[in-house]
Protein chains: 2
Amino acid sequence: MVTVHDVAARSGVSIATVSRTLRVPHRVSGDTRDRVLAAIEELGYRPNRAAASLRRGRTGVIAFVVPDIENPYFASLTKGAQAASRARGYGLVVVDTTESAEVESEEIRALRSQIDGIILVSSRLPDEQLLEVAEGAVSVLINRDLGDRSPATPSVAIDEAAASDAAVAHLAELGHRRLAYVGGPAHSWSQERRARGVRDAVAARPGLTLAELADVVPTAAGGRAVADAVLGGGVTAVLAYNDLVALGLLAEWGERGVRVPEDISLVGFDNTFVAELSSPLLTSVGTDLRDAGEAAVELLLQRVEATDSDAPAAYRTLRPELVVRASTAPVRTAD
Amino acid sequence: MVTVHDVAARSGVSIATVSRTLRVPHRVSGDTRDRVLAAIEELGYRPNRAAASLRRGRTGVIAFVVPDIENPYFASLTKGAQAASRARGYGLVVVDTTESAEVESEEIRALRSQIDGIILVSSRLPDEQLLEVAEGAVSVLINRDLGDRSPATPSVAIDEAAASDAAVAHLAELGHRRLAYVGGPAHSWSQERRARGVRDAVAARPGLTLAELADVVPTAAGGRAVADAVLGGGVTAVLAYNDLVALGLLAEWGERGVRVPEDISLVGFDNTFVAELSSPLLTSVGTDLRDAGEAAVELLLQRVEATDSDAPAAYRTLRPELVVRASTAPVRTAD
DNA sequence: TTGAAAGCGCTAACAC
DNA sequence: GTGTTAGCGCTTTCAA
């Protein structure tokens, strides 16, 4: 292993100068800098992070905690976070909690002392526990919000009201009047906001009616299971909790001869890549998740690197975009 | 921050004993052990990993390098690796190389000194560079194999010959005689083995013919692009390079009135979760990817923790399973 | 079985 | 602008 001592010897300076050349190059004369850099190159020197961490009290690693890395939604967020942290020279430890609050809290506890900061995505922890975690470490939340309870914790959230409104507006414009919303898990943070958003958007448009299905398992299987129940009542357009549920509806309907969009229009949430896997392609509303992942990293590092806690907490609200694909069409028959 | 000193003071022993209690408990008397453990509990002591790493020369972190975390195939592998490394007390740094060999080699270089080992999944590096990496660190390969060139590097691979054979056998049994294989990227390691496997399986069954399409982009869009080209020549069943390509074919055919499985049967490779997103559900052949990820971690840690390099290199070949779903059916008309 | 003590490689005062 | 030096918290001889 090559150490600062080797580099120092090779370039005829002290170890302090070697360290300075790397950390504060402007405090080293151009001449020495060149010599040190050359020696580093020749020797293939790589600073030992463990040593630096021990001395500086910082590890250069941040944790990214997701409920399920196989879920396309979280995979995209992770991709963005990964790229951003790499670009900033930080390592990203990805933790998959398998949707379990216990695993989540256990992992966080184990990690706490080894990382500079933590990003919690769609945390499954109850508010009080989440609060404790958030206060106990430099942290950023995605899809959760402690509000006044922890004004120092930044969060990144998607403007679900805007998303819902865009989706409903699109369907209304196509002439749909009787809508249905297939909701997700009962107490999910996103579900609550999406359901409210859809209700508000419908209420704001006279003549629209809304049927709601609650507590659907947020997977394709969940969608298939309720495909039948959604139909009827003259519903001509359906909004699904997420793309996966939408694809489940689509598949099951297809097998029962219900055609999309001829018989019924369908809109998903999140606009994940699976929206481009189906036939017809799925109209979906969502934000760029990679951007969201990046934003969270930026927010986190801003705090990590803040000399003291001078950086104000930032709440980043991301604007979603409706991507119209083939699963929505003008309502067929006037009611 | 609570340190060994605090625990030592609290329990009336030396810091050495505190350390021993955690690392080699059997060398501490039951009595002292209890006292130390109690103090640790009361104080909430967590060993500082940076310090331990510096002293022991090991970091407790392994790297998992994938081309694209958004790809369901790699996401599932990652999920398995994540669970396995957590269970063994190691941190997992996930690196997404965005399918770029440069990014891959750069990241590996940067990481090398900070990790105990590295798992390279479907590496995009050319053989000689891969060899260099594999020799320069404790490493395990998934979906690559250096063979004699680096007999010390374990690898985990799926038995593609068996997979291809199972798929072809299934179609042959259903009465299909004219098959087509939609291949993946020209020089991909998996593609080469899958193509060979399919060819061999077809050759082994008199009466079967095979049409091959090469160098298809391994995504749904890639599949859509060649949906037309595959048809014709009396082909009644198609094998696709992976599930994504299969879904692309399925979607495009659907829009052109070609029905699956009535008009044509379709089989995907990998059996990722997207095979359950379509209508009809996709017949697909693959191994449990989480298991593969776990296996790689086991192999790696076995070497990491080997006192010296006593552990023999292990080549783990995983047996794939064919999951028959609705996209395959008996050939409709006798030829 | 336990303790004293020597560093692991690096950074950051502090002197010059 | 550069060098000297004192640790960061831990593990591990070596002695007792």
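How many helices and strands does the secondary structure of chain A come to? Chain A has 12 helices and 12 strands. The model is predicted. The radius of gyration of chain A is 25 Å, well over the 20 Å that the globule rule gives for 335 residues, so chain A is more spread out than a compact globule.

**Overall build of chain A**

- The C-alpha trace of chain A spans about 85 × 40 × 30 Å along its principal axes.
- Buried residues account for 50% of the 335 residues in chain A.
- Take the contacts in chain A between residues at least 6 apart in sequence: 69% of them join residues at least 24 apart.

**A sheet in chain A**

- Chain A holds an open sheet of 6 strands, in the order β7-β6-β8-β9-β10-β12.
- The pairing in this sheet is mixed.
- β7 (209–213) and β12 (321–323) of chain A stand at the edges. Each has a single partner strand, so one side of each is left without a neighbour in the sheet.
- From one strand to the next, the twist averages 20°.
- Strand β10 (residues 283–286) of chain A is joined to β12(A) by 3 bridges, and the two run antiparallel.
- A:Ser284 stands opposite A:Val323, which lies in β12(A).

**Where the chains meet**

- In this contact, 35 residues of chain B touch 35 residues of chain A.
- On the side of chain B that touches chain A, at least two residues each come from α4 (49–56), α5 (72–87), β2 (91–96) and α11 (243–255) of chain B.
- α5(B) gives the most to that side, with 6 residues.
- The residues of this side of chain B divide into 16 nonpolar, 12 polar and 7 charged.

**Backbone features to look for**

- Most residues other than glycine have a negative phi, and most peptide bonds are trans. The cases below depart from that pattern.
- In chain A, a cis peptide bond joins A:Ser279 and A:Pro280, with omega about 0°. A:Pro280 sits in the loop between β9 (265–269) and β10 of chain A.
- In chain B, a cis peptide bond joins B:Ser279 and B:Pro280, with omega about 0°. B:Pro280 sits in the loop between β9 (265–269) and β10 (283–286) of chain B.
- B:Glu99 is not a glycine, yet has a positive phi of about 60°. B:Glu99 lies in the loop between β2 and α6 (101–111) of chain B. B:Glu99 is partly exposed, with 14 other C-beta atoms within 10 Å.
- B:Asn271 is not a glycine either, and has a positive phi of about 50°. B:Asn271 lies in the loop between β9 and β10 of chain B.
- Is B:Asn271 buried or exposed? B:Asn271 is buried, with 26 other C-beta atoms within 10 Å.

How values were computed
Residues numbered from 1 in each chain as written. Chains lettered and ligands numbered in written order. Predicted model: local features only at pLDDT ≥ 70, side-chain atom pairs only at ≥ 80, totals over all residues. Helix = DSSP H or I, 4+ residues; strand = E, 2+ residues; numbered from the N terminus. Rg over C-alpha atoms; globule rule 2.2 N^0.38 Å. Buried ≥ 20, exposed ≤ 12 C-beta atoms within 10 Å, placed from the backbone. Contact = placed C-beta atoms within 7 Å. Pairing = 2+ DSSP bridges. Axes fitted to C-alpha atoms, helices over the stretch in contact; angles between N-to-C directions. Nonpolar A, V, L, I, M, F, W, Y, C, P; charged D, E, K, R; others polar.
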